Amino acid sequence: MTAEADGRAVVRVGSPTERRNPDSVELDLMSTRDVVRVINDADRTVPTAVAAVLDEIAAAVDLAVAAIRSGQRVHYFGAGTSGRLGVLDVAELPPTFNSPADWFCAHLAGGTDAVFRPVEDAEDDESGGAQEAAECVRAGDLVVGLAASGRTPYVLGALRSSRAVSAGTVLISADPGAVAAAEVDVFIGVDTGPEVVTGSTRMKAATAQKLVLNAFSTAVMVRLGRVYSNLMIDMVATNAKLRGRMISILEEATGHGEEACRRALADADGDLKVALVALVSGASVAEARTALASSAGQVRGALALL
C-alpha cells in the first residue's frame, strides 16, 4: 500500500518478512546467550526453505548456461542487502573459476557507493532500473532480479525492460506470493517467514539469497566445465596458498605424486586443465591443449578425445 507522508511516498509492504516473529517478541529482554540462540534457531530453518525451491533454481541454472554458451551474459539487479549479495557473488566467480569477467554482471541500485552506504530512494527508482537494463541487457541474456520483498521498483523496472528485449528473467524473493512472479520466466520464492528483528531482511531472507546464489552460480560453472569431479580446475593461482592448491588438485585428480604434478604444471605454463589432461591421458601438453580446444575447454570431453 502506498501513501504520502511529508510529501514523500510511503509504502506498507505486505511481505511475510514484515510480520512479527513470535519466537523473538521479548528479544530485548533476553540474555545475550538467548538472543544468539533465537537467531541461530531461526537461521536453521533457511536451508529447508531453500530446499523447497531446488527445481526453480535448477531451471534458472539451465537458462544461464544456455545464455553463456550462446555468447550472452547473466545480470544481477538488486538493491540494499540483496544487491550487495549479487555484487559479492559476481566478485567471487573469476578468482574461483577463472570465468571471463563479462559472463556475470552485477547492478546495484545507487551504484558502487551503495555497497557501503544506502543511497536515498535508489531502490524506489523503477525508471532507473529500466534505464540501466536498457543500456546493457541484450536479447538472449539472463537477468536475475534480487528482491527480498519481491516488489522493489528498481529491480522490477530492470526485469520489465529486459523482458521487453527478449532476455530471460528470474526473480529471487523471500515472498512466495509476490505478484511479480507472473512477470518472469522463473520465480524463486523462498519462504523464510518473519525475521527475528521484524523486517530486517539482512537476516534470514539474505541468508537464503546467499544460499540460492551460491547454488546457482556454482552449478552454472559446473555445467560449463569449470569443475572436474568436485575439484576447481579453472582457478587463478594469485597467491602461495592457491599455487599449493593447484598441486593438491592435480594429485587428487590424477593419482600422480607431487613432483610429477609440479613438472606437468610447469610444462603447461601453469594451466591446470592442460596439466590434468596430459597427466590423466598420458598425452603431450600440446595434444592436451588441442583436445581441450576441440571440446570447448571441457576436461572430460578432452579425455574422451584422447
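How many positive and how many negative side chains does the chain have, and how far apart do the centres of the two sets lie? There are 28 positive and 39 negative side chains, with 4 Å between the two centres. Lys and Arg count as positive and Asp and Glu as negative, while His and the chain ends are not counted; each charge is placed at NZ of Lys, CZ of Arg, CG of Asp or CD of Glu.

The model is predicted, so that local features need pLDDT of at least 70 and side-chain atom pairs count only at pLDDT 80 or more, whereas totals for chains, interfaces and linings use all residues. Residues are numbered from 1 along each chain as its sequence is written, and side-chain values use heavy atoms, with hydrogens and water left out.

The chain contains 12 helices and nine strands, taken as DSSP runs (H or I, at least four residues, for helices; E, at least two, for strands) and numbered from the N terminus. Its C-alpha trace spans about 70 × 50 × 35 Å along the principal axes. Of the 306 residues, 45% are buried, where buried means under 20% relative accessible area, exposed over 50%, and partly exposed in between (1.4 Å probe, protein chains only).

Helix α10, residues 272–281, is mostly covered, with eight of its 10 residues buried. These are L272, K273, V274, A275, L276, V277, A278 and L279. They pack against strands β8 (227–228) and β9 (231–232) and against helices α8 (240–254), α9 (258–267), α11 (285–294) and α12 (299–305); contact here means heavy atoms within 4.5 Å. Just after the helix, G282 adopts a positive phi of about 80°.

Two loop residues may be considered next. N21 lies in the loop between β2 (8–11) and α1 (32–43) and is buried, at a relative accessible area of 9%. Its side chain reaches the backbone oxygen of P194 at 3.4 Å, a polar contact being a pair of N or O atoms within 3.5 Å; within protein, one must be able to donate a hydrogen and the other to accept it, and residues adjacent in sequence count only if both atoms are side-chain atoms. Leaving aside residues up to four places away in sequence, N21 touches P194, E195, V196 and K204.

P100 is located in the loop between α4 (80–97) and β4 (104–108). P100 counts as partly exposed because its relative accessibility is 32%.
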